[in-house]
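The following note sets out, point by point, the features of the fold that may be checked against the coordinates.

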Amino acid sequence: MSESNRGKNREYYAVIFTSQRTDGENGYGEVADEMVRLAAEQPGFIDVESVRNSSGFGITISYWESLEAISNWKRVEAHKAAQEQGKQAWYEHYHVKICKVEREYSMRK
C-alpha cells in the first residue's frame, strides 16, 4: 500500500479480517478477486492487503476513509452474497476487527 494513497497524518480505518479456510477451493479465488475489484470501486476505499499461510489461516486488512464507507461496503449486495457463501463453504471460522488508524510510519531500503 502506498503512503500517497493514505496520507501520512490523515486518520483512517482498518478492517482486519482473520479467517481459517475450509479444505478445497470451491470457487473461493474467483470470488475473492471479484470482492477486491468491487471494493476498490466503493467510495471511501483506500487499499487492501492480504496473506494466507499453507494451513489456510489468512489475514486481510482493508483500509477505508470512514466508518460510513465501511458500513456502506458491508451492505453491497454482491459482498453480502460472498459473506453468506463464506459462512456456508469457505471458512471454518473468522473474526473481524475495525480499528481507527491514528498514525503510521514505515522504513524502506
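**Note on helix packing, sheet and cores**

1. The model is a predicted one, and the points below should be read accordingly. Helix H4 spans residues 77–90 and packs against H2 at an angle of about 150°, the two axes being 11 Å apart. Since angles over 145 degrees count as roughly antiparallel, H2 and H4 are therefore roughly antiparallel to each other. The crossing in which H2 passes H4 is left-handed.

2. The strands form an open sheet of 4 members, in the order E2-E3-E1-E4, with antiparallel pairing. E2 and E4, the latter covering residues 91–101, are the edge strands, and each of them pairs on one side only. On average, neighbouring strands of this sheet are turned by 15° against each other, direction ignored.

3. Both helices of point 1 also lie on strands. H2 lies across E1, E2, E3 and E4, and runs at about 160° to E2. H4 lies across E1 and E4, and its direction makes an angle of about 140° with E4.

4. The pairing of E2 with E3 deserves a separate entry. Strand E2 (residues 45–52) and strand E3 (residues 57–64) run antiparallel and are joined by 7 bridges. Asp47 has Tyr63 of E3 as its bridge partner, while Arg52 stands opposite Gly58 in E3. The hairpin of E2 and E3 has 4 residues between the strands, and in this hairpin Gly56 adopts a positive phi near 95°.

5. E3 also pairs with E1. Here 8 bridges join the two strands, which again run antiparallel. Ser19 stands opposite Gly58 in E3, and Gln20 stands opposite Phe57 in E3.

6. The largest nonpolar core has 12 residues, namely Tyr13, Val15, Met35, Leu38, Ala39, Phe45, Trp64, Ala69, Ile70, Trp73, Val76 and Ala82. Two or more residues of this core come from each of strand E1 (12–21), helix H2 (28–40) and helix H3 (67–74). Another core, of 5 residues, lies apart from it and includes Tyr12, Ile46, Tyr63 and Val101.

7. Ile61 is placed in strand E3. Leaving aside neighbours within four places in sequence, Ile61 is in contact with Ala14, Val15, Ile16, Asp47, Val48 and Glu49. Ile61 and Glu92 are separated by 31 residues in sequence and by 19 Å in space, C-alpha to C-alpha.

8. Is Asp33 buried or exposed? Asp33 lies in helix H2. Its relative accessible area is 57%, and residues over 50% count as exposed, so Asp33 is exposed. From Asp33 to His95 the separation is 62 residues in sequence and 20 Å in space, C-alpha to C-alpha.

9. Most residues other than glycine have a negative phi. Asn26, however, has a phi near 50°, a positive value in a residue other than glycine. Asn26 is located in the loop between E1 and H2. With a relative accessibility of 47%, Asn26 counts as partly exposed, because that class lies between under 20% for buried and over 50% for exposed.

Conventions: Residues numbered from 1 in each chain as written. Predicted model: local features only at pLDDT ≥ 70, side-chain atom pairs only at ≥ 80, totals over all residues. Heavy atoms only, no water. Core = buried A, V, L, I, M, F, W, Y, C linked by side-chain atoms within 4.5 Å. Buried < 20%, exposed > 50% of the residue type's maximum accessible area, 1.4 Å probe, protein only. Pairing = 2+ DSSP bridges. Axes fitted to C-alpha atoms, helices over the stretch in contact; angles between N-to-C directions. Parallel < 35°, antiparallel > 145°, perpendicular 65-115°, else oblique. Left-handed = near helix turned anticlockwise from the far one by under 90°. Contact = heavy atoms within 4.5 Å.
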